[in-house]
Amino acid sequence: MAEPLVALENVQKLYRTDRMETIALQGVSLAIERGEFVSIMGPSGCGKSTLLNLLGLIDRATSGEVSFAGQSVNSLRDVELARLRNRELGFVFQSFHLIPDLRVTDNVEVPLLYGKHSARERRERVREALAVVGLEARANHFPSELSGGQQQRVAIARAIVGRPRLLLADEPTGNLDSQMSEEIMALLEKLNRERAVTVVMVTHDKAKAERSHRILRIFDGQLVH
């Protein structure tokens, strides 16, 4: 049986200050299989974003084990985690996080600047990513010249330009109207279906969550079955 793409085993995440200790996640064990589309749901403050950050190798677990493609990442140095994220993961956020002074094509290229890609390969990958999201004609526009939905498409192009195996989306339709939300959901489904990109999405929208293969529900830092 193939190893899951990313797995957590009895993971706990604590946040400590001088005055208090907050348990963000407690005893979480789960596996995300290759090619899955998984949604994470739960009330505000329940630990959804913390879980996404652990799956995305952004945060480190306080205890328990996190593995990616069968390899434990607990002992990896920060620079090794950064390389792994750049090579294997893509991130999409509610607020787009585009660089306003850069044109679309340059925004999409940013993740490739941290890898070993020639200028020609970077250009080809940027063109490919923009074609996937249907924004080739907007390549030389600035973010301020785009609608919210178009900006989120640019963000998705940036997330997939490195050809990641795992795409993590934190409320990707949260700032969009219903039509734009539908376009972004259809695009995530297409990436999962046609390109075998594993997708993990945090959402408050039950109807959107039900379009994924599986829903993980979290409450007070624990998975609820």
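Which backbone oxygen lies 3.1 Å from a polar atom of the side chain of Asn 192? It is the backbone oxygen of Gly 35. Before going further, note that this is a predicted model, in which local features need pLDDT of at least 70 and side-chain atom pairs count only at pLDDT 80 or more, while totals for chains, interfaces and linings use all residues. Residues are numbered from 1 along each chain as its sequence is written, and side-chain values use heavy atoms, with hydrogens and water left out.

**Stop 1: Asn 192**

Select Asn 192, whose place is in helix H6; helices (H or I, at least four residues) and strands (E, at least two) are DSSP runs, numbered from the N terminus. Asn 192 counts as buried because its relative accessible area is 9%, where buried means under 20% relative accessible area, exposed over 50% and partly exposed in between, with a 1.4 Å probe and protein chains only. Its side chain also reaches the backbone oxygen of Glu 36 at 3.3 Å. Leaving aside neighbours within four places in sequence, the residues in contact with Asn 192 (heavy atoms within 4.5 Å) include Phe 37, Val 199 and His 213.

**Stop 2: the whole of helix H6**

Now widen the selection to residues 178-195, the 18 residues of H6, which reach 25 Å from the first C-alpha to the last, close to the 26 Å expected at 1.5 Å a residue; that expected span is 1.5 Å times one less than the number of residues. Color Ser 181, Ile 184, Met 185, Leu 187, Leu 188, Glu 189, Leu 191 and Asn 192, which are buried in H6. An α-helix has 3.6 residues a turn, so residues three or four places apart point the same way. Among the elements that the buried residues of H6 pack against are strand E3 (37-41), helix H4 (119-132) and strand E8 (198-202). At the N-terminal end, Asp 177 caps H6, with a side-chain oxygen 3.3 Å from the backbone nitrogen of Gln 179, and just after H6, Ala 196 takes a positive phi of about 55 degrees.

**Stop 3: Thr 203**

Move on to Thr 203, in the loop between E8 and H7. Thr 203 counts as buried because its relative accessibility is 2%. A polar atom of the Thr 203 side chain lies 3.0 Å from the backbone nitrogen of Asp 205, and the contacts of Thr 203 beyond four places in sequence include Ser 39, Met 41 and Lys 208.

**Stop 4: helix H5**

Next select H5, which is mostly covered, as 12 of its 13 residues are buried. What covers these buried residues includes helix H3 (104-109), E7 and H6.

**Stop 5: the largest pocket**

Finally, look for the largest pocket, which has a volume of about 400 Å³. Of the 15 residues that line this pocket, the closest to its centre are Asn 86, Phe 91, Val 110, Pro 111 and Arg 158. On a 1 Å grid over the protein atoms alone, a pocket is an open set of points where a 1.4 Å probe fits, with protein on both sides within 12 Å along at least five of seven lines, and lining residues have an atom within 4 Å of a point. Helix H2 (78-88), strand E6 (89-93) and helix H5 (148-160) each supply at least two residues of the lining, and E6 gives the most, with 4 residues.

Methods. Points joined across faces, edges and corners; volume = space filled by probe spheres on them. Polar contact = N/O pair within 3.5 Å; in protein donor to acceptor, adjacent residues only side chain to side chain.
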